[in-house]
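Dear colleague,

I am passing on the structure that we spoke about, and my notes on it follow directly below. Please read them with the sequence and the model side by side.

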Amino acid sequence: MSATPLLQVENLQTHLHLRRGVVKAVDGISFEVNEGETLGIVGESGSGKTMTCLSILQLLPIHGGGKIAGSVRLDGEELLQLGEEEMARRVRGPKVAMISQDPMTSLNPVFTVGDQVSRPFLYHKLVKTVRDAMVAAAAGLRRVRIPSPERRLKSYPHQFSGGMRQRVVTAMAIACSPRLLIADEPTTALDVTIQVQIMSLLRSIQNDSKVGIILITHDLSIVAGLCHRIAVMYAGRIIETGKVRDIYRNAQHPYTQALLDAIPHLGRKRRRLAAIPGQPPNLMDLPNGCRFAPRCPRRMAVCDEYPPATDVGGGHTVNCWLAAKQ
Amino acid sequence: MKAIFAKGLLNAAISILGASLIIFVISRLSGDPVSLMLPMEAPQSAIDALKQELGLDRPLWEQYFIFLWKALQGDFGQSYRWQMPALALVFERLPATIYLATAAFAFSLVLAIPLGVLSAVYRGSWIDQIGRIIAMLGQAVPSFWVGLILILVFAVGLQWLPAFGADGVQHVILPAIALGWYPVAAQTRIIRSGMLEVLDSDYIRMGRSVGTPERLLVWKYAFRNALLPLVTIMGVYFASMLSGAFVVETVFAWPGLGRTVVEAVFSRDYPVVQAGVLVTSILFVLSNFLVDLSYSIIDPRIRL
Amino acid sequence: MSVTSAPTPVTAADAPLPFFVRFRLKGAPWIPILILVLVLIAAVGGEGLTPHDPNGLNLGAAFKPPFWQAAGTYDYLLGTDNLGRDVLSRIIAGARVSAIVALYAIAFSGAIGTMLGIIAGYFGGIIDTTIIRIAEIKMAIPGLALALIFSATMDPGLSTVVIVIVLTYWTWYCRIIRSEVLSLRERDYVSFAKVAGCGSITIFFRHLLPNIFNTLLVLMTLQVGQVIIFEASLSFLGLGIQAPDTSWGLMLSDARQYITYAWWGITMPGIAIMLTCLSSNLVGDWLRDLLDPKRRQL
Ligand SMILES: Nc1ncnc2c1ncn2[C@@H]1O[C@H](COP(=O)(O)OP(=O)(O)O)[C@@H](O)[C@H]1O
Ligand SMILES: [Mg+2]
C-alpha cells in the first residue's frame, strides 16, 4: 500500500439549503480509497451515498443550494479548493469519473453514442482530431465488450438495451483512464444476469488499470465479490467500516447486522427479508444521539449521546455504544 | 417516418377541408352571398350569372361542393377592385407576407433563444429578471401598438428607419420587430424551463463528470434537448405571425396579403377575403405539419 | 397513498378547496388587483366619472399635450386629440367597452368550451373524437383571419366582436377542461359515484364541476388580457367597435393619423391596454399558483 491514499475524504459535509430548511445529506464522513482498491459504500436509499459521490466531483444538483465542506484530497491535492473551471479541465474525466445510477437517463437522447463517448478524448487533449476521437471511442466500446463498436458509434442511446447503455456509460467514464471511478448503484436498474456482467466488467477494468473504485449500493450481496473494504452509511454518516471479511463475519453495528440479515443466502434457508422496522430520521431534524437508535432493537440509555468510533481491530471501526462498552 | 408523414398529411388535409367548410358556411350566413361578392353597382346580368355559377338554387351541401370544386381549381371569383382573379392577387401579395413573417420569426428566435438559455443558466440573475419583464410586457401589449410605438420612436422621433413601404431591408426591420415581439415571451419561457429541466438531468451531469466544457454543455448538449418543446409549438407561433400580419401590415402599409385582405374587407371585395383567409389557413396547417416533421428529425427517438 | 383500500365516500370532499376558503392576503398582487378594480369602477361609473364628455368636440383645444408638458393644462390631464376630445375621458369610456366585451366573450366562450370539454372528456369515444376534431378544424383558421371573414359578412360592432372572440376561444377552454376531466374520471370518487348509480347529470354537477372550478377561474382571469388585445386589434382595423362608441383600439386607430403631432394620442390608450392586460395576467398567474400547488415549483 502506498504512503498517501489515492483519495482521502475527511469530515465531508454536504448540506442542501432548501426553502424548507437545511438537509444534512452528508454530515461529516471520512474515508480513504487506495490505488487499485474498491471501497463499497452501503446504505438504505436516502442515506446520502449519491450526495457523497457528487460532492467528490462537485456536481451537486443545480437547484439544490448545496454547500460542501471538509476535505477531499486526490493524490494529495485538495479538490474542494479548485474552481469549477479547473475541476472540469483537470479533474473530471482524467482523474475522477462517475457511472451513475440509471443508464436509461444518463445518456443524452439526441446525440449519437459516438459523439458522447468520443468527446472526452478531445476535451482532455488525448487526441487531436474528431476522427481520432472516434477511433478511440470505438476502442473504448470494444473494451466494455460492445459488439461491432464501429457500427454502434452511429446509433442513438434509445437503440441500446439497458445493460448495453450502462456499458456505454462505463466506456465514457473510463475514456480518459481516470484514477478513481465512482459507480453509483450501477446495476440497480438492471436484470440480475446483466448485474453480474457489469460487475465483472468493473473488475476487469480494475485489473487492467489499477483504478480505485467507489462502488455504491444498497444491496450488500453484490459488493462481496468486488470490494476490498466496505463503509456502511446511515442518515448521512458512516457508522461502520472495515474489510469485507470483517464486516461479513463480524458486523458490530445492529444496522449492519440487519442489512446482512436481509441478504438471501444461497443454500441457506432464506431468512425473513428483514425490512428494518421504522423510518430513517428526517435529515432536516436529526437526533443528537445515535441516528439509528429510534429503530434499534438494542438501544440503551446511553444512545442519546453520539457513539465514538471504536476500533475493533484490523481497521474495522464502528460507531456504536455496544462496541465501545466492550 | 413514412407513417408519421402520411398521418400528418391526412390530418392536414382534413383540417384544410374543414377550414374551407367554415369559410363557406360563413359566406352563407348573411343570407345573400351574391350581394357580398358583387359590388353594389353590379348590373342585373352579372348578378344572375353569379347566382347561376354559385348554384344558389341547389341544396346547401351541393353549393358547398361547387365552392370546393372551384376552389380546388383555384377559382375564388374575380376581384372587382383589382380586376384580376382573387387567387392570383393573393399569390401576388403572399411573398411579401412570408418575407415579413420569416423576418419576424427570426427576430423572435434571435431574442428568445439567448434570453431563455441565459435566464436558465443564470437563474435569478439580472438577465433572468429582464427575461421575465420582457415576457410579461410582451404578452400584455397588442402587436399593432408595438408597431405604433416603434414608428413613434424610430421613424418619427429618431428618424432612423422608415415607417412605411417595402423597398429595402431597412423597411422590414420595424414591422418584423412589431410582429415578432409577441411570441418572444412564450418562447423565452419555454426555452428557459426546458433548459432548467435539462441542465439538471442525469445526462448533463454525466457530461459534466467527464469534463465537458460548460459552453458545450449548455449550447450543444443541453440546448438541443431544450429545443424540442419549442419546436413542437413553433407552428403555433409561425401561425400567430400570419395572423398578426393582418394588423401589423396595416400599421406599416406593408404590401402583403394581410393588408390586402383587410382592405378587401372594407372595399367589400369578398372573393379576395375568401381566398386570402383560405390560403392563410392552408399555410397555417402546412407550417404545423412541417414542424411535426422537423420534430422527428431533431428527436432521433421518433425517427425510423 | 392510504394503506387500506376502503372505497372513498361519495362526496366531493376530495375536491380541492375553492380559493376563497384558502384566500391568503400575503403575497397577493395588490397593485394589479387595484388596477383591475379601477378599470371596473371606470366601466361601471362610465360617463359619471369622466371629467369631460368623451365625445365632446372642442376644436379650439385640439392637440393639447399632457399636463406635465409646457403647453399642457390640468384641465386635460392626458391631453386632447385632433378634435379636442379629452384623452382621459375617452380612456375611461373605453374601459366600459373593454369590460362589456370581456364579460360577454369570457362568459360565453367559457360556458361553451367548458360544456363541450366536460362532455368530450366524460363520455369519450365518438363524441370525444367529434368534438376534438371540430376544435382542431377551427384551429386551422388563425383567430384574426376568422374575425376578418366574419366581419366581411356581418355588420361590424360590439356583438360581432363578441361572437368572433367566442368562436376563437371556446376551443381553448374545451381542450384544457377535457384533459382535466379525463384525469378526474380516473379518480376514485367519480368512478365510485358511477358504480353507486349516480346519473350523469348528478356526477356532472356534484363531482366534475366543483373540481374544475379552480381551473376555470384561472383560465377566465388569463383570458381577460387576451380578449382586450383581440378587441383592440379588431377595433384598430376598423372592424370592431364603431364610432360614436369608443374603445381603446379605436382611439389608437384615430391617433395613428396624427402620430407625428401628438405622441400621447397613441401612447395613453396603449398604456391603458398594457396595464389592464398585465394586471389580469399577473392575477391569473397568482391564482394558478395559489390553486394548483403542483405547478408552483419553478
Ligand atoms: N435535489 C435534491 N433536493 C433536495 N434534497 C435532496 C436532493 N437530492 C437528494 N436530496 C436529499 O439528500 C438525501 C441523500 O440523498 P442521496 O444521496 O441521493 O441518497 P442515496 O443515494 O443514499 O439514496 C436524501 O434524504 C434526499 O432527501
Ligand atoms: Mg442514490
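Chain C, read along its sequence, follows the pattern α-α-α-α-α-α-α-α-α, and there are nine helices and zero strands in chain C; helices (H or I, at least four residues) and strands (E, at least two) are DSSP runs, numbered from the N terminus. This is a predicted model, in which local features need pLDDT of at least 70 and side-chain atom pairs count only at pLDDT 80 or more, while totals for chains, interfaces and linings use all residues. Residues are numbered from 1 along each chain as its sequence is written, chains are lettered from A and ligands numbered from 1 in the order in which they are written, and side-chain values use heavy atoms, with hydrogens and water left out.

Of the 298 residues of chain C, 51% count as buried (under 20% relative accessible area, with exposed over 50% and partly exposed in between, for a 1.4 Å probe and protein chains only). Among contacts (heavy atoms within 4.5 Å) in chain C between residues at least 6 apart in sequence, 72% join residues at least 24 apart.

In chain B, the axes of helix α10 (residues 214-232) and helix α13 (residues 270-298) come within 9 Å and cross at roughly 165 degrees (axes are lines fitted to C-alpha atoms, for helices over the stretch in contact, and angles run from 0 to 180 degrees between N-to-C directions). That angle makes α10(B) roughly antiparallel to α13(B), a term used for angles over 145 degrees. Arg224(B), Leu228(B), Val231(B) and Thr232(B) in α10(B) meet Val291(B), Ser294(B), Tyr295(B) and Ile298(B) in α13(B).

Helix α12 of chain B (residues 257-266) is mostly covered, since seven of its 10 residues are buried, including Leu257(B), Gly258(B) and Val265(B). Just after α12(B), Arg268(B) takes a positive phi of about 55 degrees.

With best wishes

Key:
Parallel < 35°, antiparallel > 145°, perpendicular 65-115°, else oblique.
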